[in-house]
Amino acid sequence: MIVEPGKITERITLLGAPESCFYHVDGGGEAVIIGGGMAHLAPQVHSQIEAFAIDVKKISRLVVLHTHFDHCGLVPYLKKRWPWMKVAASAQGKSRLSDPRVTQTIASFNQMAIARAKLEQEAARLGFEFTGIDVEQSLQEGDRLVCGEVAIDILEVPGHSSCSIAAYVPEEKAFFVSDATGVYSKDFSFAAGNSNYDLYQKSLQRIATYPVETVLLEHYGAAVGEEARSLFAKAVETAEAMRASIEKTYRLTRDVAKTTETITQFVLARSPDYFGVIPMVIGQMVKFITKAPKETEGRWRTS
């Protein structure tokens, strides 16, 4: 696993921070950003652009792979800095980002991250607070983006969210999966089928059929070589194990809240650095898998 910002391959550079990363893909005469990061990363990204000698004038497109707050928070700022760059997402993602309730929640979570990083004054000075996203290109299954010398194939991979897409670069055998194969942290991976667990597992099975040498995640870096080649099979096993654990725990407790608490404690004991939304994510998975009556969800929806 390559966790720190820098070169992943000759064409692909990891930007941001280990806990929230996105990627620059250099196609020669043209480039694309894949992933949208979080707003508080702006000062770091400035330094990285200079350190890695990235020609921002060549960046023609930014692809948002899904619209959760930690995967699109930096987009308004980058668009403001690079107005020639076209923002792309799935049709469902475009719809979600046009919903004021969704964008208000994305803004709220990103503002909390800015406050935790003690960057309120810097955010006001540079203007990297989340202000909304205008999706200029809708992407769907089967689309191919041509970026200079690089072709990028788009797949719809719902399950983690209803708007999730992935990007595959055949020439590089590189797969940009965002959270469609789970969330990774050090030696522990967490299955995250919080929108629809059935579709999450179905998407995983499909993703696992692709040959890969590099898997680009948006939390905790990129897998290369043997780690990449084995990642999808491990993700399928992890999803099956998570489902079995939830079903077993619910049979014992017959209670959504207790099952959620038990599974959350298990996950956080192995990876305490995970985002604070983990209990909410697990609760949604528990309700879906057990078919328990749906409770009122918070304003941040993971559909």
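## Aromatic pairs

In this predicted model, eight aromatic pairs are counted among rings whose centres lie within 6.5 Å. One of them joins Tyr77 and Phe128 in an edge-to-face arrangement, with 6.1 Å from centre to centre and 80° between the planes. Because Tyr77 belongs to helix 2 (residues 75-81), while Phe128 sits in the loop between helix 5 (120-126) and strand 7 (137-139), this pair ties together parts that are 51 residues apart in sequence. Both partners, Tyr77 and Phe128, are buried.

Elsewhere, ring pairs link Tyr168, Phe175, Tyr210 and Phe232 into a cluster. An aromatic ring also takes part in an arrangement of another kind, in which Lys291 lies over the face of Phe288, at 3.9 Å from the ring centre.

## Helix 4 and its ends

At the start of helix 4, a side-chain oxygen of Asp99 comes to within 2.9 Å of the backbone nitrogen of Arg101. Just after the helix, Lys118 adopts a positive phi of about 55°.

## Thr181 in its loop

Thr181 is found in the loop between strand 11 (174-178) and strand 12 (183-185). With a relative accessibility of 2%, Thr181 counts as buried, because the cut-off for that class is under 20%. When its neighbours within four places in sequence are left aside, Thr181 is in contact with Tyr200, Leu204, Ile207, Leu217, Leu231, Phe232 and Ala235. Among these contacts, Phe232 is also one of the residues in the cluster of linked rings described above.

Strand 8 (residues 144-147) has a covered face, made up of Leu145 and Cys147, and an uncovered face, made up of Arg144 and Val146. This strand pairs with strand 9 (residues 150-156) in the antiparallel sense, over four bridges, and Val146, from the uncovered face of strand 8, stands opposite Ala151 in strand 9. The hairpin formed by strand 8 and strand 9 has two residues between the strands, and within this hairpin Gly148 takes a positive phi near 60°.

Terms used
Residues are numbered from 1 along each chain as its sequence is written. This is a predicted model: local features need pLDDT of at least 70, side-chain atom pairs count only at pLDDT 80 or more; totals for chains, interfaces and linings use all residues. Side-chain values use heavy atoms; hydrogens and water are left out. Rings of Phe, Tyr and Trp (its six-membered ring) pair if their centres lie within 6.5 Å; planes under 30 degrees apart count as stacked, over 60 as edge-to-face and the rest as tilted. Buried means under 20% relative accessible area, exposed over 50%, partly exposed in between (1.4 Å probe, protein chains only). A charge sits over a ring if NZ of Lys or CZ of Arg is within 6 Å of the ring centre and within 35 degrees of the ring normal. A polar contact is a pair of N or O atoms within 3.5 Å; within protein, one must be able to donate a hydrogen and the other to accept it, and residues adjacent in sequence count only if both atoms are side-chain atoms. Contact means heavy atoms within 4.5 Å. Two strands pair if DSSP finds at least two bridges between them.
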